[in-house]
Structures are given as structure tokens and as C-alpha cells.
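Open the model in your viewer and keep the selection panel at hand. This tour tells you what to select next and what is there.

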Amino acid sequence: MALNPLVDSRDVRFVLFEILEADKLSKYEKFSGFDRDTYEATLELAEQLAVEQVYPANAEADKTGAKYDPKTKTVTVPEGYKAAMNLYRESGFSGLGNDPEWGGTGMPEVVCRAIMDYFSAAAVAFITYDTLKGGASRLIENFGSDELKKIYLEKMVSGQWGGTMCLTEPGAGSDVGALKTKAVKQADGTYLLTGQKIFITAGDNDMFENIIHPVLARIEGDPPGTPGISIFIVPKYHVKPDGSLGERNDIMTSGIEHKMGIKGSATCSLSLGDNGKCVGWLLGEERQGMKIMFQMMNEARLDVANQASGCCSAAYMHSITYAKNRIQGSDPAAKGGAPALIIKHPDVKRMLLWMKSQVEAMRMLTLLAAISGDLSHVEQGEKAKEAKAMLDFLIPLCKAGNTDLAWLVTSEAMQVYGGYGYCSEYPVEQFARDCKILAIYEGTNGIQSMDLTMRKLLMNPEMYNYSVFKKKIAETIEKAKGIVDEKYVAAVRDGVTKMDATVKKLAELRDQKKMLDILAIATPLQNAMRMLAHAWMHLWSMTVTIPKLKAIAGDIAGEKVVNLVKDNMEAAFYYGRVLSARFYLGSEFKHFQGYLDYITSGEQAVIEAFDEIFTGALPQ
Ligand SMILES: Cc1cc2nc3c(=O)[nH]c(=O)nc-3n(C[C@H](O)[C@H](O)[C@H](O)COP(=O)(O)OP(=O)(O)OC[C@H]3O[C@@H](n4cnc5c(N)ncnc54)[C@H](O)[C@@H]3O)c2cc1C
């Protein structure tokens with residue numbers, strides 16, 4: 001398969017089929033209707049659509065952006081999105097992960113996420129419309145009454161109707177429990193809602209006939225904070241008994257944000273109940289809103305991780321293409337000072353290998369999280385429990401890890417381009433602008449780091465999630481023996497030992513109730529844990545790539561192998577994968593120790609810093 005400058009379909013297939021062996025999921029009843037051929041055909045179609053239809057709309061959407069008309073209070077999306085969304089719908093991608101009962105394909109999540117890698121590479125802003133709709137539809141699938149399912153699901157799954165998630169309000173961002181939107185029960189069992197929601201992705205647009213909003217609100221009289229929150233389904237248009245659209249519901253768009261990136265994604269302010277007529281239907285039970293919304297939030301966190309790995313992959317693919325064509329300076333490895341492509345310079349190779357190793361690790365970990373989700377549904381007993389623990393542990397790691405890296409990887413892509421990378425004539429600066437939001441929305445990375453440190457690690461009963469994580473790493477270490485050079489195996493083994501010692505010290509702080517000390521190092525801990533997870537992924541990859549390279553080339557290094565690799569794309573792929581794994585484990589992973597030293601330093605400067613040391617710098 002030929003490389004194109006946008007999506008890395010060879011690497012996506014490697015992770016899906018050679019590392020995670022996703023095709024083996026067909027042994028479970030739920031996925032028995034799929035096989036490798038079905039997945040291959042779907043991947044090919046997705047690649048074609050992403051590259052030929054969605055990506056061409058990306059740069060234009062960045063220029064025009066979504067538009068709000070204050071007179072009609074309506075939002076229009078960039079023109080190119082409409083045609084692309086029609087094809088996306090017609091090709092069946094809208095309902096790929098939904099239950100077949102409602103018209104979905106029911107494909108494993110791991111395959112859906114591999115496909116999202118392509119669409120995120122093509123246009124992060126575009127894919128937000130579908131991911132939010134998908135999450136909202138699955139909330140109704142799992143928690144909706146039969147009536148709600150019957151009214152909404154088929155049209156959401158087909159992509160005729162859109163969806164959102166409405167949590168944020170002016171005074172309730174990270175602290176969702178502070179929300180003020182109010183719900184009052186009516187005699188017919190519905191609720192009337194009043195309030196303001198802000199920053200709502202895809203909150204309004206002209207791509208969908210109707211938009212279905214899951215809205216968090218507090219029923220009058222219910223307690224403050226998260227325990228008092230309920231969740232309601234609020235459609236933009238009411239739906240008549242025959243399924244056709246009725247009157248406009250009293251949920252109106254009051255504006256959209258003007259942003260640094262993802263300009264084609266409409267970020268809307270919504271006003272509920274200005275005329276006292278915003279009707280909502282309770283989803284699940286009263287005061288279960290946060291518990292229910294967590295299903296969508298967890299899904300959305302992986303969506304964001306997916307957006308990061310896809311977009312970074314595109315930035316990396318563009319960088320290779322540029323470095324293969326830009327001539328500057330002379331080749332330091334050749335005699336005679338012949339003009340060199342910049343890909344020949346060791347510092348440029350370093351940047352490319354760094355990007356390659358990060359993108360590969362992000363992709364492997366995100367798809368591992370996805371297949372863990374699949375296995376948690378189809379496995380039984382201990383295996384299902386372990387798969388769920390793995391998923392829970394990986395969600396904040398993928399969300400925060402991928403998205404912190406996304407800003408760095410896309411920035412490095414600009415660096416490879418030199419001055420042209422900073423100019424809008426070339427696409428990489430858009431990738432960087434589009435990626436910045438990923439670290440902020442769907443729970444900032446600070447909040448993700450605290451989730452990892454507290455709920456998923458230190459407060460998790462007997463640190464079960466972490467013990468499953470370590471157990472799986474130990475299995476890879478065992479498998480790597482005799483295949484992978486001991487120095488790379490030892491890097492991961494020592495990494496686990498050192499992380500264990502660090503976690504033990506944090507547990508002591510927890511037992512001493514020194515919570516401020518723990519909260520102050522949550523982000524460095526997340527960084528260190530992400531590095532350990534990525535090191536594990538690279539070691540795992542070597543257990544596959546080394547035998548395959550040996551089978552093709554007879555060895556993994558030496559002149560004969562290098563010569564063969566230059567003419568054999570398969571060998572080149574495995575050789576490149578071995579090199580990026582060696583780079584990660586042998587060079588990049590050295591930073592891991594720095595994070596651990598930071599975490600265990602006992603330095604109290606952050607704890608001792610009080611407001612005035614910062615505010616003193618402000619004009620008095
Ligand atoms: C383009 C865009 C799209 C969005 N889409 C949606 C959407 O579809 N639906 C939706 O509901 N929301 C959406 N949001 C909102 C987004 O999820 C919030 O912006 C985000 O959760 C942060 O809230 P905030 O902006 O109020 O920041 P704040 O909560 O005020 O946070 C500011 C800073 O303080 C830190 N902080 C806050 N509280 C704590 C704490 N307890 N401990 C440590 N640090 C803390 C944060 O990490 C951050 O660094 C979107 C936002 C944007 C910009």
C-alpha cells in the first residue's frame with residue numbers, strides 16, 4: 001500500500017492486526033459477523049473518504065469557520081463539510097459503533113477508533129460533529145426508556161440527526177457540580193428547563209435536521225453539587241408521533257465562540273427556556289445525571305485522545321514529505337559537500353524519529369484502551385474485570401498523555417518545516433492550532449492527571465487498576481525475553497520497579513493525609529506514567545517487529561539488512577518500527593527518571609507559594 005502524506009494506514013493495520021490481533025474478536029458472538037476482510041474493506045473506504053473528501057475541506061473550513069447569524073439565531077458550517085458529511089453518512093460511518101438494533105453496524109470499538117484515526121488526521125474540527133452525536137446516541141441506547149429509544153435512535157444512528165453534550169456553564173467549567181440550569185417537573189412527566197450552557201460543540205449547525213442535547217441540570221429542590229444533578233434529553237425540534245419534526249423547542253443559540261483552532265466546529269452558547277417552554281425528558285433516574293454522563297465523558301475522552309493521535313500522525317506524515325523534498329545545506333555523512341535534502345541532517349532525523357515514536361505510542365495505547373473496552377463487554381469473570389480496569393486506567397492516560405503530546409508533536413512538525421511551518425500557506429500550523437484545545441476540553445489535563453492519581457491509582461481499592469497495568473507489562477517483558485535486546489527489556493523492567501517505589505511514597509503521603517503534596521505532583525505523575533505506558537507499548541511492538549524483520553531480512557541490522565530494506569517496503573516498515581522503539585526505549589525514556597525525581601523530591605515551593613507572590617507582579 002502506497003504511503004500518502006495524510007494517514008498512516010500501514011501503521012494503523014500493524015497496531016490493529018499484528019499487535020492487538022483485533023480480527024480475533026470475531027470468536028465472540030457479538031462480533032462474529034465480522035472478519036479481517038470486513039475490517040479491511042471498511043478501513044479502505046474510510047481512508048479514501050478521509051483523504052479525498054474530508055481533508056480537502058479542512059483548510060477552507062479553517063478560513064471560513066462556522067458562522068452565526070444573530071438575526072435568525074442559526075449556525076452554518078463551512079460548505080465543504082456538508083458534502084463530506086453526506087458521504088460520511090451514506091458510507092455508513094455514522095453508525096459504525098452503534099447497536100444493529102437501531103441501524104448501526106456494531107463494529108468493535110477498536111476498529112471504529114482506528115477509523116477515527118483517519119478522520120481525525122483529515123479534519124479534527126469535522127469529526128467533532130460525529131463523535132458527539134455518537135456518544136449522545138449511545139447514552140440513549142444504554143439509559144433511555146423504550147419511548148426515547150424509539151423516537152431518537154434510528155435517526156441519530158443514521159446521521160440524519162446530530163447530538164451534543166451539555167455540561168459547561170459560565171460558572172461551571174471543571175466544577176460541573178456548580179451548574180445552575182434548573183428543571184421543574186410537569187404533570188405529564190416531562191421537565192421544563194431554564195439556564196445557559198456555553199462552549200457546546202456542535203450545539204447548532206445546518207448539517208443535521210434535528211439536534212439532540214443531553215443536558216445536565218438540577219431538579220428544583222435537589223441537593224447542591226454533583227449528587228443533585230440529573231440528565232435530560234432536550235431536542236432542538238420536537239418530534240411528532242409519526243417521527244416527523246414538530247415545533248422548535250425553546251433551546252436557542254445565542255452565539256458561537258471565535259477560536260484559535262477547530263474553527264469549523266461550532267462552539268455554541270445555548271439559552272434554555274427564555275420563553276419558559278424548553279421541554280426535556282429525564283434520562284435514567286433522577287439525580288443519576290453524573291453517573292450516566294460519565295459513560296459519554298469516558299467515551300469522549302478517548303475520542304479526544306483519538307483526535308490527538310490522528311492529527312499528530314498527519315503532522316508527522318506531512319513532515320516526512322517536506323523533509324524528503326526540501327534541500328538545504330550539505331549532507332554531513334557524504335564527502336564533497338553535495339546539497340542535501342534536510343532529511344539527511346541528524347537533527348532533522350532526530351525530530352522525525354521523535355515524532356514517529358510518539359505518534360506510534362499514542363496510537364498503540366489508544367487502540368489498546370479501545371480493545372480493552374471491547375473485551376470488557378465480551379469476556380467473562382476475571383478477564384472482563386481486568387479489561388475494564390485496564391480501560392479505566394488508560395482513559396486519563398490517553399486523554400492527557402496524547403493531548404499534551406499533540407501540542408508538542410505538531411509544534412515539532414512546524415520546526416521541521418522551518419519558517420514555512422509558521423506560515424498558513426502550509427498546513428502544519430493549522431494542525432497545531434487545532435490540537436491545542438484537546439488538552440483543555442473534555443476535562444482539562446490537570447483534571448485528568450488528578451483522576452489518574454487519585455481515583456484510578458491511590459484511591460482505587462487495593463490499587464487494582466495499577467496492578468492489572470503492571471501484570472500486563474510483566475507479560476510483555478516475559479514475551480520479550482530472547483527476542484528483544486536485554487537493554488531494552490531492562491529499561492521497562494526497571495521503569496516498573498522505579499514507578500512502584502514512587503507509588504509507594506505517594507501512598508504514604510495519602511495515608512498521612514498530605515493531599516496538597518499529592519495534588520501538586522499529579523501532572524508530573526501522569527507524565528511519568530504515560531512514559532512508562534509508551535515504553536511498554538514500544539517493547540510490545542518489538543516482540544512482533546523483530547521476528548517479522550528477521551523472517552524477511554534474516555537479521556535486524558547490518559549492511560545486508562539495510563540494503564534489503566531500501567527496496568522492500570515491508571522490511572522498511574518493520575525496520576523503521578524497530579528503530580523508533582529503540583529510540584524511545586534507549587533515548588526518550590531517559591526523561592522518565594527526571595519526572596520520578598521531581599515527584600519524590602519533596603520540594604515544597606508549590607505548596608508554599610501563596611497568591612501574593614504572583615499577584616505582586618500585577619499593577620497595584
Ligand atoms: C472549543 C471548546 C469546545 C468545548 N466543547 C464542550 C462541549 O461540547 N460540552 C461541554 O459541556 N463543554 C465544552 N467545552 C468546555 C470545556 O470542557 C471546559 O472549557 C473545560 O472543562 C474547562 O472549564 P473552564 O473553561 O471553565 O476552565 P476552568 O474550570 O475555570 O479551569 C481553568 C484552569 O484551572 C484548572 N482547574 C480548575 N479546577 C481545578 C481543580 N479543582 N484542581 C486543579 N486545577 C483546576 C484547570 O485545569 C484549568 O487549567 C468546550 C470548550 C471549548 C473551548
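Start at the ligand and select strand 5 (191-201), which gives three residues to the shell around the ligand, the largest share. Strands here are DSSP runs of E with at least two residues, helices are runs of H or I with at least four, and both are numbered from the N terminus. This is a predicted model: local features need pLDDT of at least 70, side-chain atom pairs count only at pLDDT 80 or more, and totals for chains, interfaces and linings use all residues. Residues are numbered from 1 along each chain as its sequence is written.

Now show the 20 residues around the ligand; Leu167, Gly173, Ser174, Thr201 and Gly446 come nearest. (A residue is near if its C-beta atom, placed from the backbone, lies within 6 Å.) Strand 5 and helix 11 (445-458) are the elements that give two or more residues to this shell. Color the shell by type: nine residues are nonpolar, nine polar and two charged. Ala, Val, Leu, Ile, Met, Phe, Trp, Tyr, Cys and Pro count as nonpolar, Asp, Glu, Lys and Arg as charged, and the others, Gly among them, as polar.

Next, select helix 11. Where is the kink centred? Go to aspartate 451: the helix bends there by about 30 degrees. (The bend is the angle between axes fitted to the seven residues ending at a residue and the seven starting there.) Buried residues of helix 11 include Asn445, Met450, Asp451 and Leu457. Buried means 20 or more other C-beta atoms within 10 Å of a residue's own, exposed 12 or fewer, and partly exposed in between, with C-beta atoms placed from the backbone. The buried residues pack against several helices, among them helix 9 (381-417) and helix 15.

Follow helix 15 (residues 522-553) to valine 544. Valine 544 is partly exposed, because 18 other C-beta atoms lie within 10 Å. Not counting residues up to four places away in sequence, valine 544 touches Glu18 and Ile19. (Contact means C-beta atoms, placed from the backbone, within 7 Å.) Glutamate 18 is 526 residues from valine 544 in sequence, yet their C-alpha atoms are 7.2 Å apart.

Last stop: color domain 1 (9-158), domain 2 (162-291) and domain 3 (444-608). Their bounds come from an automatic or database domain assignment. The C-alpha centres of domain 1 and domain 2 lie 23 Å apart. Their contact takes 32 residues from domain 1 and 27 residues from domain 2.

Notes: Two residues are in contact if their C-beta atoms, placed from the backbone, lie within 7 Å.
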